[in-house]
Amino acid sequence: MAEDLKSKQMTTDAGRPVGDNQNSITVGNRGPIVFEDYLLFEKMAHFNRERVPERVVHAKGSAAHGTFTCTHPDIAKYTTAKVFEKGKKTPTFLRMSTVGGEKGSADSERDPRGFALKFYTEEGNWDLVGNNTPVFFIRDPLKFSDFIHTQKRDPETNLKSPKMMWDFWSLSPESLHQVTILFSDRGTPDGYRHMNGYGSHTFSLINAKNELFYVKYHFKTKQGIKNFNREEADHMKSVDMDHSQSDLYRAIEKGEFPKWTVQIQIMPEAEAETYHINPFDLTKVWPHSDYPVIEIGELELNRNPVNYFAEVEQAAFDPKNVAPGMGFSPDKMLQGRLISYPDAHRYRIGVNYNLLPINEPKCPYSTYNRDGSMRYGENGGSGPNYEPNSFGGPTQDKKYLERPVTYNTATVGRYDHREHDGDYYTQPGNLFRLMTPDAQERLCGNIAAGLGQVETRIQDLQINHFYKCDPKYGEGVAKAIGRKIEEIVKKEELVGA
């Protein structure tokens, strides 16, 4: 770019000035994102094309085949999805991964872990794409590429940068809940078998009466939670860079099949309007005291891939893939991923990625999609490639029509997600208070290892956030980086505590 064309004004790629780069355009404060949000789609489409050919995020991963067995006796009161019929066994494929590192990075890095499931149901593939944490760092997909850039490499030094990470987090207090999880022992799990998984987003279920229930999915490891501390995780990098991969592969080869208990939380549709927490906010959990978990089945991994590239590298998970009796929610992050994920797959492995054996449905399917790069098979043969037609091609069935969802009359616009849901501190504070004193000390030490490398103005802003979560949290981090809390937090806030 010529020097004289540079400007302090942020614009789109075509030069249109940007008025709000913090909030997606939604139908009301809690409504879904609209297609006219040109900025969101431009940012996500560009972001999905930044790396070739490995995944931009979740590049380093391991996977295995398995079975989901539904054991719940009466889940039909929530959904008509056949995968949830009692006793039903459904083939599955689970890919677990680190998030920020490249394909050659170490498995024991401090990082969230992806937890992506493909269920090959008799009604089509159901893909549940989540993490080993129930929350995330941001709540609006417009900020996703910005956040991930801070986890990648500095454009000048090509090194990981604590300054970029903590600068972003200190200016995004909604990240506090996930930051607290990440820098606890849960940020360095001892292999994939010993961590929980979560759908993280809010999805929905629809029953035979056409009633809608919002749902959260939980996968609790039956192997027991095992984590590394910071020193153990760093040591493992020098012992086995691929610890999680080798541990999972060898366990399955020996017949020690990993298992997870599958649970859900259910919220009736009407309660979402009045619940004191925004149920579609990915930075918050639904307290179990309000919405207890319901055990619905078991997930077991029992077969390793035969060819890593064909099955693991080419696996593509789309949160848009749900079965009849399931649906979505106004969760902004989920809404962004419904567009972003399939777009990323079309770029990375081609427009016909769903025809690859690992992604292909195991039930009968018919589509009028034809041609495109790397198309194989009969490509629809001599049949029509349009609908409607009078030549006996597949037709629609209105019994599968999506359930209409009504939103309160609202104005379409960019709503400030920090204005209406500004409590960033209660849930991470509660999590801190649940930790034992030695776990709290390790958390503060883990944070200090990175935060201690950045300039004091960023330290001050971030420690003030920790202090608001819990005074001991802020004091612990300040002490761990060799600073006094009185130099950082305002005197009136110290007295008020």
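Residues are numbered from 1 along each chain as its sequence is written. In this predicted model, local features need pLDDT of at least 70, side-chain atom pairs count only at pLDDT 80 or more, totals for chains, interfaces and linings use all residues, and side-chain values use heavy atoms, leaving out hydrogens and water.

Let us begin with the cores. A nonpolar core is a set of buried Ala, Val, Leu, Ile, Met, Phe, Trp, Tyr and Cys residues joined through side-chain atoms within 4.5 Å; buried means under 20% relative accessible area, with a 1.4 Å probe and protein chains only. The largest such core has 52 residues, and W166, W169, I447, F466 and Y473 have the most contacts inside it. Among the elements that give it two or more residues are α3 (162-170), α11 (437-451) and α13 (471-480); helices are DSSP runs of H or I, at least four residues, and strands are runs of E, at least two, numbered from the N terminus. The largest share, six residues, comes from α11. Apart from this core lies another, of 36 residues, including L205 and W260.

I turn now to T202. Where does T202 lie? T202 is in the loop between β6 (197-198) and β7 (203-206), and T202 is buried, with a relative accessible area of 0%. Which polar contacts does its side chain make? A polar contact is a pair of N or O atoms within 3.5 Å; within protein, one must be able to donate a hydrogen and the other to accept it, and residues adjacent in sequence count only if both atoms are side-chain atoms. The side chain of T202 meets that of K216 at 3.2 Å and reaches the backbone oxygen of P279 at 2.6 Å.

Key:
Buried means under 20% relative accessible area, exposed over 50%, partly exposed in between (1.4 Å probe, protein chains only).
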